[in-house]
Amino acid sequence: MLFELPGFEHVDAKDAREAALCLRQYGEKAKVIAGATDLLSLMKDRIEGPELKVPEVLVNIKTIPGIARIDYDEKTGLRIGAGVTLNQLATADLIRQKFNILSQAVLQVGTTQIRNMGTVGGNVCQRPRCLYFRHAHFVCFKKGGSKCYAVAGNIASTIRL
């Protein structure tokens with residue numbers, strides 16, 4: 001069953017310092033967003049558990065200058081900002097010319113729509129795609145429960161009829 005998105009406060013961080021201060025101020029009530037394709041769906045579906053709460057405050061880091069930048073320097077190497085979308089990464093001339101295998105790999109992630117919205121940082125932080133994790137009635141290990149239901153590999157074995 002799908003729900004409406006719960007109410008939340010939204011903060012556009014001007015810089016990394018402001019984002020860190022906001023996260024410290026709100027503690028576990030806050031989460032970082034950039035593209036938020038994964039986080040918003042978790043919030044909408046009320047996926048939570050003892051160690052996974054629906055956030056009350058979303059701190060947007062996409063507003064931080066340089067967060068969506070791709071840089072390369074011979075000395076320091078490749079730097080990819082957390083706010084770079086997967087599509088930007090896959091299609092950047094620099095990546096295609098110097099790191100073509102990375103471009104090819106990124107094109108294998110999700111759909112075109114996901115790559116247009118999803119960010120590098122969000123994909124690094126993405127929660128499991130496991131059906132048990134994403135189901136409201138299973139309080140699995142990753143949500144703070146004591147059991148990983150995926151180990152059995154059979155949903156029928158976890159439900160008592």
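Which residue in β5 is the bridge partner of I70? The partner is I80. Strands and helices here are DSSP runs, E of at least two residues for strands and H or I of at least four for helices, numbered from the N terminus.

This is a predicted model, in which local features need pLDDT of at least 70 and side-chain atom pairs count only at pLDDT 80 or more, while totals for chains, interfaces and linings use all residues. Residues are numbered from 1 along each chain as its sequence is written, and side-chain values use heavy atoms, with hydrogens and water left out.

**Strands**

Strand β4 (residues 70-73) runs antiparallel to β5 (residues 77-80), and 4 bridges join them. Two strands pair if DSSP finds at least two bridges between them. The link from β4 to β5 is a hairpin of 3 residues.

A separate description applies to β1, β2 and β3: they form an open sheet of 3 strands in the order β1-β3-β2, with parallel pairing. Its edge strands, β1 (9-12) and β2 (30-33), each pair on one side only. Between β2 and β3 (residues 57-60) there are 4 bridges, and V32 has V59 of β3 as its bridge partner.

**Core**

V59 also belongs to the largest nonpolar core, which has 11 residues, among them V11, A13, A19, V57 and I64. Such a core is a set of buried Ala, Val, Leu, Ile, Met, Phe, Trp, Tyr and Cys residues joined through side-chain atoms within 4.5 Å. Buried means under 20% relative accessible area, exposed over 50%, and partly exposed in between (1.4 Å probe, protein chains only). The elements giving two or more residues to the core are α1 (16-26) and β3. Leaving aside neighbours within four places in sequence, A13 is in contact (heavy atoms within 4.5 Å) with E18, A19, V59, N60, T63 and I64.

**Salt bridges**

Side chains of opposite charge can pair when their charged atoms come close. A salt bridge is a side-chain nitrogen of Lys or Arg within 4 Å of a carboxyl oxygen of Asp or Glu, and the count comes to 3.

| Pair | N to O distance |
|---|---|
| E18 and K14 | 3.7 Å |
| R134 and D38 | 2.6 Å |
| D71 and R69 | 2.8 Å |

R134, in the segment after α7, and D38, in helix α2 (residues 37-44), are 96 residues apart and link distant parts of the chain. Both R134 and D38 are buried. In the other pairs, E18 is partly exposed at 25% relative accessible area, whereas K14 is exposed at 60%. D71 is partly exposed at 33%, and R69 is partly exposed at 46%.
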